[in-house]
Amino acid sequence: MAASTRAQVLDLYRAMLRESKHFSAYNYRTYAVRRIRDAFRENKNVKDPVEIQTLVNKAKRDLEIIRRQVHIGQLYSTDKLIIETQEKTRT
């Protein structure tokens with residue numbers, strides 16, 4: 001993988017994780033983080049440039065979906081779950 005492609009993939013990975021941590025709902029937040037990590041691990045050994053570009057394009061579309069869903073979730077916020085308050089006190 002070319003250096004610029006590698007940097008682009010890492011930037012996308014970080015952006016997706018960063019954006020998914022803004023979900024107001026605990027379940028959506030944890031699912032998104034887990035799914036992003038699993039998807040990137042699953043495709044880490046892909047060497048074909050065409051397939052890499054296809055995956056990068058899909059990740060960009062998914063990032064936009066995450067951004068829209070975070071925005072919608074902030075419009076309809078809910079109370080925190082008990083597990084969320086416990087996590088805050090432990091760290």
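Modeller: First, a term: contact means heavy atoms within 4.5 Å. This is a predicted model, where local features need pLDDT of at least 70 and side-chain atom pairs count only at pLDDT 80 or more, while totals for chains, interfaces and linings use all residues. Residues are numbered from 1 along each chain as its sequence is written, and side-chain values use heavy atoms, with hydrogens and water left out.

Colleague: OK. What does Ile66 touch, leaving out residues up to four places away in sequence?

Modeller: Met16, Glu19, Ser20, Phe23 and Ile36. Ile66 sits in helix H3. Helices here are DSSP runs (H or I, at least four residues; strands are E, at least two), numbered from the N terminus.

Colleague: Is Ile66 buried or exposed?

Modeller: Buried, because its relative accessibility is 10%. The cut-offs: buried is under 20% relative accessible area, exposed is over 50%, and partly exposed lies in between (1.4 Å probe, protein chains only).

Colleague: And how far is Ile66 from Leu17?

Modeller: Their C-alpha atoms are separated by 9.8 Å. Along the chain they are 49 residues apart.

Colleague: What about Glu19, buried or exposed?

Modeller: Glu19 counts as buried, because its relative accessibility is 18%. Glu19 belongs to helix H1. Beyond residues up to four places away in sequence, Glu19 touches Leu63, Ile66, Arg67 and Val70.

Colleague: Switching to the fold. How many helices and strands are there?

Modeller: Four helices and zero strands. In sequence order the pattern is α-α-α-α. The chain is more spread out than a compact globule, because its radius of gyration is 15 Å, well over the 12 Å that the globule rule gives for 91 residues. That radius is taken over C-alpha atoms, and the rule is 2.2 Å times the number of residues to the power 0.38.

Colleague: What share of the residues is buried?

Modeller: 25% of the 91 residues.

Colleague: Which helix gives the largest share of the lining?

Modeller: H3, with 11 residues.
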